[in-house]
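Hi,

Here is the structure we talked about. Have a look, and my notes on it follow below.

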Amino acid sequence: MPALDELVVSSVEVLERGLPVTRVLRWPDGWTYLSAVEAPESQPVVVHFHDLLVLDPGLAKLPLRRAQVALRAARADTVGSWTVLGPYNTRIVEQMFDDGTLDRKQDGMLRDLPEDDGPGHRPDPVRWSLRDVVGRNAQHPETFPIPEDTSGVVPGALVKLVFLPDEGIGERMWVLVTEVDGDRMVGVLDNDPAAITGLLAGDRIEFERRHVLDLDARPAG
C-alpha cells in the first residue's frame, strides 16, 4: 500500500460526498481510488493516503502489484469483498474503463451482494459447461470451423465460447480475457445469456484454449 504521506488520486465523490471506494488502480507511477459513480465532469483530487484511510481504514489491507486493478460492489452501508484483476498494461486498463468492462464486472458483483442482510438477487443457477470446440472440429472440420491459431489471445482480447446448459440449447457468447496462463485462461462474460439463468454479464469465466470458438484479438498496446 502507499505510505501514509504519499500523494494519491481520488475524487470529489469519495472525499466530499462520502461514497465508498470501489475501484483501486495501481499505475506504474501512483495510485487511484475511485467510487463506481464518478460523473464525466468529475475532477481528480490529489490527497495524502492517510486522508483516505480516515474514510475507509480497510484500504490499508489492499496490497496491489503494479498494473493491477481491484474492484468491489457497494450498496447502502454494505460493501463486498475485493476482487483483484491483472496485471495489465496501461492501454488495456484504459480500454476496460472506456468499453464498460469494469462497469459490467461490478454490476455482476452487485447482484451477489446481500441487501439488508437478505439473500442476493441472482437467479437460481442452471448447470452448464463449455463445449470442447477442438474436439468438435476434429469430428466435423468442414461444418464446424475454429481459429487456426489462438496464440495471440492476450488479456484484452475477446473470445467466443459455447456455453451448454444441462438442458436446453447452447449459447455462443463473448468473453473478455483478463488472464492467460498457458492453455488456461480467465475472462469476464461480455453479455447476458438469453436462457442460462444464474449466469450474468460481468461474471468470471475460467476456460481453456480448446473452448475458443472464435476470437477478436485486441492490440496489447
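Which residues are linked in a network of salt bridges? They are Asp-132, Arg-184, Glu-208 and Arg-210, a salt bridge being a side-chain nitrogen of Lys or Arg within 4 Å of a carboxyl oxygen of Asp or Glu.

Before the rest: this is a predicted model, where local features need pLDDT of at least 70, side-chain atom pairs count only at pLDDT 80 or more, and totals for chains, interfaces and linings use all residues. Residues are numbered from 1 along each chain as its sequence is written, and side-chain values use heavy atoms, with hydrogens and water left out.

Arg-210 is partly exposed at 35% relative accessible area (partly exposed is between buried, under 20%, and exposed, over 50%, with a 1.4 Å probe and protein chains only). Asp-132 is partly exposed too, at 31%.

The structure holds ten salt bridges. One of them joins Asp-103 and Arg-23 at 2.4 Å, N to O. Asp-103 sits in helix H4 and Arg-23 in strand S2, so this pair ties together parts 80 residues apart in sequence (helices, H or I of at least four residues, and strands, E of at least two, are DSSP runs numbered from the N terminus). Arg-23 is buried, at 6% relative accessibility, whereas Asp-103 is partly exposed at 36%.

Cheers
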